[in-house]
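Please look through the sequence and the model shown below before reading on. The report is meant to be read with both at hand.

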Amino acid sequence: MVSLTGKSALVTGASSGIGAVVAEALAAAGARVGLVARREELLEKTLARCREHSPNSAMWVADLADLDGIASLAAAVEAEFGGVDVLVNNAAMPKRRRVQDMPPNENDDVMRLNYLSPVRLTLALLPGMIARGHGHVVAVGSVAARLGPPHEAAYGASKAALTAFWESMAVDLDGTGVRAHIVQPALVDTDLFSLPGNEPPLSDLSDALPPQEVAAAVLELIGNGRFERYVPDWFAEMASGKAADVEGFIAGVKEWTRDRLRAVDTGTS
Ligand SMILES: NC(=O)c1ccc[n+]([C@@H]2O[C@H](COP(=O)([O-])OP(=O)(O)OC[C@H]3O[C@@H](n4cnc5c(N)ncnc54)[C@H](OP(=O)(O)O)[C@@H]3O)[C@@H](O)[C@H]2O)c1
């Protein structure tokens with residue numbers, strides 16, 4: 001396993017789900033971890049678990065949808081930690097809503113939190129990483145970035161935008177010592193599927209993976225320097241299959257969606 005002893009890491013959305021487990025895994029690998037989210041009590045619980053491994057870990061309560069607050073958040077973390085070696089942009093919101101039912105401001109909200117905010121935070125912390133000649137900038141994307149999920153246009157678009165930014169950034173950072181990575185999870189067992197303001201999920205949640213699998217993928221990418229990792233990894237084949245036959249892919253997803261809507265309606269999902 002990769003050793004992060006002497007390094008500092010910042011994880012957004014560390015109060016629950018994938019972010020909480022990633023933060024703990026980074027602390028267990030030796031990093032001093034900074035945690036960000038809105039729910040203070042939950043963040044304190046993650047912090048206590050991180051401090052068992054890494055006593056100097058710290059937390060910042062912040063609403064990352066407030067883009068104007070991000071520069072001062074980044075400055076506060078750099079002042080406390082003396083620089084950030086690993087940034088994991090994990091915080092995001094779901095949006096399960098058919099396009100024809102979506103108020104336009106919902107799309108704006110999703111893009112703000114899931115795309116604009118991690119890019120702002122990354123741009124705020126990159127100069128320090130480049131000046132020090134090393135760093136890892138990780139994004140938690142989604143298979144939705146590559147596979148056009150039904151009833152999730154805004155969410156999928158936000159993750160596709162993040163992925164496109166990360167692909168270009170991985171090239172731009174060549175020679176700086178800073179690497180860009182993105183993990184693309186499929187279904188993971190978290191609170192993402194019970195948040196208000198969303199349609200019921202179409203997917204069968206009994207297939208959901210534990211968040212530990214995503215944390216392992218994040219550490220794997222930091223260790224091997226690669227750009228992208230699907231969780232589970234066979235989703236890479238689905239993405240390349242879609243790229244080879246987008247018409248067939250859309251026809252297949254239409255059929256799957258009709259079947260799933262019937263199953264959700266009749267309670268047989
Ligand atoms: N679960 C899945 O199946 C799945 C699949 C693919 C990708 N993902 C991605 O995995 C990441 C983590 O999601 P999760 O599944 O672990 O869901 P989750 O448990 O709902 O975690 C979301 C995290 O984001 C934080 N967050 C939300 N809005 C925020 C805001 N305005 N400001 C600051 N923090 C905010 C939440 O903390 P507070 O509410 O305390 O602020 C929470 O810690 C997301 O990027 C998601 O898109 C999840």
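The sections below take up the model itself, the ligand site, the nonpolar cores and a few individual residues.

## Basis of the model

This is a predicted model, in which local features need pLDDT of at least 70 and side-chain atom pairs count only at pLDDT 80 or more, whereas totals for chains, interfaces and linings use all residues. Residues are numbered from 1 along each chain as its sequence is written, and side-chain values use heavy atoms, with hydrogens and water left out.

Helices (H or I, at least four residues) and strands (E, at least two) are DSSP runs, numbered from the N terminus.

## The ligand site

There are 29 residues around the ligand, and Arg38, Asn90, Tyr155, Val188 and Thr190 come nearest; a residue counts as near if one of its heavy atoms lies within 4 Å of the molecule. By class, this shell has 17 nonpolar, eight polar and four charged residues, where Ala, Val, Leu, Ile, Met, Phe, Trp, Tyr, Cys and Pro count as nonpolar, Asp, Glu, Lys and Arg as charged, and the others, Gly among them, as polar. Helices α1 (17-28) and α6 (153-172) each supply at least two residues of the shell.

A polar side-chain atom of Arg38 lies 2.7 Å from a ligand oxygen, a backbone N or O atom of Asn90 lies 2.6 Å from a ligand oxygen, and a polar backbone atom of Gly13 is 3.0 Å from a ligand oxygen. The protein covers 96% of the 870 Å² of accessible area that the ligand has on its own, with areas taken from the Shrake-Rupley method with a 1.4 Å probe.

## Nonpolar cores

A nonpolar core is a set of buried Ala, Val, Leu, Ile, Met, Phe, Trp, Tyr and Cys residues joined through side-chain atoms within 4.5 Å; buried means under 20% relative accessible area, exposed over 50%, and partly exposed in between (1.4 Å probe, protein chains only). The largest such core has 34 residues, and those with the most contacts inside it are Val11, Val22, Leu26, Val33, Leu35, Val88 and Val183. Among the elements that each supply at least two residues of this core are β1 (8-12), β2 (32-37), α2 (40-53) and α7 (211-224). A second, separate core of 30 residues includes Leu64, Val84, Ala139 and Met169.

Contact means heavy atoms within 4.5 Å. Not counting residues up to four places away in sequence, Leu35 touches several residues, including Leu10, Leu43, Leu47, Met59 and Trp60.

## Around the end of α2

His53 has its place in helix α2, and His53 is described as partly exposed because its relative accessible area is 41%. Leaving out residues up to four places away in sequence, His53 touches Glu24, Ala27 and Ala28.

Ser57 lies in the loop between α2 and β3 (58-61) and, with a relative accessible area of 1%, is therefore buried.

## Loop residues and backbone features

Gly83 is found in the loop between α3 (70-81) and β4 (86-89), and Gly83 counts as buried because its relative accessibility is 5%. Apart from neighbours within four places in sequence, Gly83 is in contact with Ser8, Glu78 and Arg132.

His151, in the loop between α5 (144-147) and α6, has a positive phi of about 65 degrees although it is not a glycine. A cis peptide bond, with omega about 0 degrees, joins Val231 and Pro232, and Pro232 is found in the loop between β7 (228-231) and α8 (235-244).

Technical notes. Polar contact = N/O pair within 3.5 Å; in protein donor to acceptor, adjacent residues only side chain to side chain.
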